Every structure is written in C-alpha cells, then in structure tokens.
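This report covers helix packing and aromatic contacts in one structure. The sequence and model are shown first.

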Amino acid sequence: MAPVRPWDAFTSAEAEVRAMVADPRWQGLSVPDRAHVLAARILVTPDGDRWLFGVHARWHLHDPADGRWRLAPPPRGTRARQVQHPAAVLPEDVIPYGPDFHAEPGSTQAFIGPDVSEGLTERLRVLLRSSGLKSELDYPLTAFDEIFGSDVPSTVAAVWGAIMWCAYAPAFDGNERLITVFGEYLRRPLPGDEWVRWLPAPPLLDLATLVAERQRAGQPRAALRLAATMADAAQILMSDTRFRPRALALLTMVEPMLRRQGLDDTHTDAEALRAAWLERCPRRLCRALLVENDLEADFSHAVYDLVEALAFMPDPRMAAATFLADLSDSKGRLPARLDHRLRRAYEELERAGLTGTSASESTEPDGFPVPGQVLTKPAAVLEVSPPDRASTAAVLGAAYATGLAWGRLTGARVPERGLAGQTALVHRLVHERDDNHTDHT
C-alpha cells in the first residue's frame, strides 16, 4: 500500500480556494463577496502570521508592520488554524479574478545541467538556417546589434530574440547546442565563460522593433516574415516548460497579424506595436507578461519562485536571503520589498555586513576587477546543497531570474559571470557536464 501523505492545512486551504474559483458562480460574485469568502479561509500559524491563498494562485503573507499582503510561499507542514479576518481590509489586488488561476505551468530551471531536448534544438536549428539565408538588405538589423554583426539579417535576430524573451531564466550551459548554433552570426563572444553563458533577457520592445521597422519602410511582407519567424520559434519552444508560458504569450500576440494581414500595418512605431501585442493576451497569461507590465510584481514573483525552489533547505528563507544578499542595493531599496519573514533573514545578513557584496559592486562591465578595489563575496553563511541536478538547475534559474528582475526594476547590472551564490552552485554541476567544452561560443 502506498504511504498516505500527512494532512497539511495549507494544502487543504489551497484546494478549497481553487475549487471556489473554478466554480462558474465565482465570476458572478462582487469583489466584496469574494473578499468575504476568502477572509473566512485565512490561516494563522502558531507564530501569529496570517496567510491567504489569493490572486495568481499563490500565497500571500500579512505584514503586521504596514498591513500589506505580500507574496510568500507558506511553511507547509506547519500547524495552522483557520480564522475569520475582516473582509473589508482585504485589498482588491489579492483577490482572484478567475483566469489568473489558469496560468500556464512553467519551470524555474535554468538551462544548466538539464539539456534542451535534441528534437527541439534540431527544429530551431532548421529554422535558424533558413532565416540565415535571407539578405541583410531586405532584413536590416535594427535590434540585437550588440549580439550580431551588421551583415546578419534580422530574421536571425528574430529567432534569437524569441528564445531569449521566452526563457524564464536565460542562463545556459556553455556547450548548449541551442546557443552554439548561433556561433557564426555572433558579433563577439557571449557573456559568461566556457561553463555558463549568463545571457541578457531582451524586452518585448526589441522584438517589436524588428517588425515595426519593416512596416515603417513600407515592407509589410518582410514584417510578416519576421512575425512568422517569431511565431515559428515560439511554437517550437512551447514543448519545453522553461519556455512554455512566455512562448504561448508570444504566439498569442503575433499570430493574429499573420491570420489577418494588414492588422498591424498602421503600427509603424515599435512602442505602439508592442502595446497592440500586449493587449491581445488573455488574462490567464498575465503572469507571463508581468516582466513587461509590472516590474514590481515581476520581482516579487521571482523571489517567490526562489524561496519555493529552496524548499529542500531546512530554512528556505535564510537560504533565499543569501542569494538576495548578492544583489546590488546601494540605496537600501530591497528590504521594503520583501515579506517580513524574509526581510528578517536578509537584515540578519545586513547586520553582519554580508549584503550588497556582489561582484557587480567591484567589477567593470566586462567582468574584470576595478583597479584598487577588492573583489568581495558574501561569506558562506549557509551552504545551499540541492539534493539533485534538477533542484540545482531550479535554484540557479530562480536566482538568475531574480537578479534580472531586480535589474529591470532598479537598473542594477548583473555581472557577466554571474552573482557569487550562483557561480558557487555552478561549480557543483561542473563534473556532470556532457563534454569537455571543445566547442563553445
């Protein structure tokens, strides 16, 4: 007989709320009525913390200091009791609206360790090869020129842009074939080293720029070819959960202009085209688009993913704090954005002088130390030891996504060779690599 999983208050409450939101009658309830039924299902742990399973099908923790509900994974397995919370004080932005509970499932894994499947890579290689045959005169490079040479057609950039925008965390093995196939088109070596390529995540605006420029030049067929290339890439990427949520969003945004020719012909401005694309996405895909629409929420969800990825640790919040300590925060803006439990863990490191000590504080943009400065790293306050390769990749992905989200929010740069905590984890995977790195971009 299979062992019976122990009952957990959080799992039970989550199932109850999911069932309510899935009920067709939920859509007919007013916001105050939804708040009332949710308030009756708030959990309180022995330490007095109040937990609500709310919008985006994620847990929120009540901050006693300011009364806000902040995204935070719950302490599953902890005793908790259900209490009545005043419905009137539940803000509308934590109440599920329905479609948000049907978000496309994805993965926080980076592309370090677990490989991209051969089938997916081969299909993208074929798409890239045909894209590379186009003329740069017909498809001039108007974005991604920091990646590709001036003689590379924008169809190649469209494939690259789709991959990087759709990736949850674009950190790749140095020998990942999905990246090495671009070698002949690259303007210079990619950021990182032979083990890991810590690649930038482009904004949707860069993809829209490629298409809008052709519209503006009076070349609608070329614009459609670029959009079709992005759609083809997104369709291929959907088979990998590390790409799937944003790949589905990208496909949803660009497909209408392929089905209804002339739909976006008037959008010759990249910003206007981007806005038109975003408006087409259904609400169930909203979390995949937070990276474009709400940078504060995007960062909060990335931190949530990071704490969840560290669930194997005895104290996931302290483990997450060691990664957050790598972020450049000279203005002290980070603690106020954390839930109070994670904030306490971070402030403990702060008091010990172990925060804001990322390599980004003492390196030039190309990763070399600044003369006269000492390259410092946080002391090993807590060793993060994932139990397996998949868990390591999940932590790396969530940590890198958090760093990128922080950079978008604050303008802080992510070092080209990764943050200290991330590179320490990479060293744990080195012996599991697939080859001896005889060919890398």
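At what angle do H3 and helix H7 pack, and how far apart are their axes? The angle is about 170° and the axes are 9 Å apart, with axes taken as lines fitted to C-alpha atoms over the stretch in contact and angles running from 0 to 180 degrees between N-to-C directions. H3 and H7 are therefore roughly antiparallel to each other (over 145 degrees).

This is a predicted model, in which local features need pLDDT of at least 70 and side-chain atom pairs count only at pLDDT 80 or more, while totals for chains, interfaces and linings use all residues. Residues are numbered from 1 along each chain as its sequence is written, and side-chain values use heavy atoms, without hydrogens and water.

The residues in contact (heavy atoms within 4.5 Å) are listed by helix; helices are DSSP runs (H or I, at least four residues) numbered from the N terminus.

| H3 | residues 118-132 | Leu120, Arg123, Leu124, Leu127, Ser131 |

Rings of Phe, Tyr and Trp (its six-membered ring) pair if their centres lie within 6.5 Å, and the whole structure has 11 aromatic pairs. In one of them, the ring centres of Phe53 and Phe101 are 5.6 Å apart with planes at 75°, so this pair is edge-to-face (planes over 60 degrees apart). Both Phe53 and Phe101 are buried (under 20% relative accessible area, 1.4 Å probe, protein chains only).

Methods. Rings of Phe, Tyr and Trp (its six-membered ring) pair if their centres lie within 6.5 Å; planes under 30 degrees apart count as stacked, over 60 as edge-to-face and the rest as tilted. Helices (H or I, at least four residues) and strands (E, at least two) are DSSP runs, numbered from the N terminus. Buried means under 20% relative accessible area, exposed over 50%, partly exposed in between (1.4 Å probe, protein chains only). Angles under 35 degrees count as roughly parallel, over 145 as roughly antiparallel, 65 to 115 as roughly perpendicular and the rest as oblique.
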